[in-house]
Amino acid sequence: MTENQFDQASHIGSHIDLLADMSNVMSRAKPGKVDAIVVPTIYPHRVGPAIALAKALECKIVLLCSTDSQRREIEKIGRALHADTLTLVVPPGYGHPLLDFERRAMEKHTDIAVKRNIGLLLARLCGWRTVFFLDDDIRGMEPSLIARAAGLTERYPVVGFQITDFPDNSIVCHAGRVSGGVQSTFMGGNALLVDTTRVGTFFPAIYNEDWFFMYDAVAARSACIAGRLWQLAYEPFDRSAAPEEFGEIIAEGLFRALHYESDVSTLYFWMDAIKKRSRFIEEVVDRLHGSAREQSVPDRDRILSRLDEAKKRLMEISPMSCLSFYRTWRGNVDIWQRQLLDLPTSLTPEQAIRYLRLSSG
């Protein structure tokens, strides 16, 4: 890393240039086959469009809910829309030896990493090649678009979509946008096609788990965008920023490094990453305070309180903890890959569900 790289802007508002943009050639793309759609959900009323997509694509859909009551409600919808629907319960505290390999306790943001890893394991056990990870609040999934995007996995093992409306960002990045800063969106696990035979990573139990999952493909320039979808609007400042901060600083640091070919294996890099993160948050705070004199920002005080949560959490994060996470995570990827090699690959879905000790009702 050269010295002048530590004088760069505090925040990179867009990482989109790390991806190949195939959206302009989608009309000529050859359709591919989707083997399964994997949807983590706790909202039965939202899953209808995903089930309808699975029916149109003639593929399986795996709906991973958290309670029996959610499963029962989803099954009412699923039976009416698509017969090839698997509705599984992943209860809080669910564990399996295949998911006990992570060597470091994380700040678990939600259970979404566990559910997505179950999707990866089901794909391995059942021999599904192309899996579409899809969140229940994503919309605009035209079957022809998804099929052509699946065809791109012949060349790009990770194919995603940019979600620009409603933008899917962290709380701090949402605040940055509200304050007038430049903030784009990347692609993520909320709408992601994966060739599971060529991707050997997993979703770690940390905020930005999808960025870590995609990291190797992005670094190898083997990830692309196939177009744009949209997301149901939500209130970004209803939740605390603190649980996001560690995953944010690591992910943003790793992806910043891809722009500049920086060495992320040094304490020096992570010292600078923390300084840049602190400066970025302060810049957003200053812009919000300045906006009070020029124009009204709705809910400005609450946004400032969220930024204060992020600042306090950031003060607890050391360069060594960042480097330690990076080293441990890379070791965990190796463990995950070795585990996959020992798994059967031709089970029926029912056999795979029993193998993973899950309940399908």
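Gly-93 sits out in the open, with a relative accessible area of 81%, so this residue counts as exposed. The model behind this value, and behind everything else here, is a predicted one. Gly-93 belongs to the loop that runs between strand S4 (85-89) and helix H3 (112-126). A look across the chain from here gives a sense of scale: Lys-311 lies 218 residues away in sequence, and the C-alpha atoms of Gly-93 and Lys-311 are 30 Å apart in space.

Leaving aside residues up to four places away in sequence, Thr-87 touches Leu-63, Cys-65, Arg-71, Ile-74, Glu-75, Ser-359 and Ser-360.

H3 is mostly covered, with 13 of its 15 residues buried. Just past the end of H3, Gly-127 adopts a positive phi of about 75°.

Helix H6 (residues 209-219) is likewise mostly covered, as nine of its 11 residues are buried. The buried set consists of Glu-209, Asp-210, Trp-211, Phe-212, Phe-213, Met-214, Tyr-215, Ala-217 and Val-218. What do these buried residues of H6 pack against? Their partners are H3, H7 and helix H10 (319-341), along with strands S7 (158-165), S8 (191-195) and S9 (223-231). A positive phi turns up just after H6 as well, at Arg-221, with a value of about 55°.

Glu-58 follows H1 and has a positive phi, near 55°.

With helix H7 (residues 242-260), the axis of H9 (residues 300-315) comes within 8 Å and crosses at roughly 55°. The two helices are therefore oblique to each other, and their crossing is right-handed. On the H7 side, the meeting residues are Ala-242, Glu-245, Phe-246 and Ile-249, while H9 supplies Glu-309, Ala-310, Arg-313 and Leu-314. Sorted by class, this contact holds five nonpolar, no polar and three charged residues.

The other crossing pairs H9 with helix H5 (residues 171-178), and here the axes come within 10 Å at an angle of roughly 135°. Is H5 then oblique or roughly antiparallel to H9? Roughly antiparallel applies over 145 degrees, so H5 ends up oblique to H9. The crossing of H5 with H9 is left-handed. Ile-171, Val-172, Ala-175 and Val-178 make the contact from H5, and Ile-303, Arg-306, Leu-307 and Ala-310 make it from H9. By class, these residues divide into seven nonpolar, no polar and one charged. Ala-310 of H9 takes part in the contact with H7 and also in the contact with H5.

Conventions
Residues numbered from 1 in each chain as written. Predicted model: local features only at pLDDT ≥ 70, side-chain atom pairs only at ≥ 80, totals over all residues. Heavy atoms only, no water. Helix = DSSP H or I, 4+ residues; strand = E, 2+ residues; numbered from the N terminus. Buried < 20%, exposed > 50% of the residue type's maximum accessible area, 1.4 Å probe, protein only. Axes fitted to C-alpha atoms, helices over the stretch in contact; angles between N-to-C directions. Parallel < 35°, antiparallel > 145°, perpendicular 65-115°, else oblique. Left-handed = near helix turned anticlockwise from the far one by under 90°. Contact = heavy atoms within 4.5 Å. Nonpolar A, V, L, I, M, F, W, Y, C, P; charged D, E, K, R; others polar.
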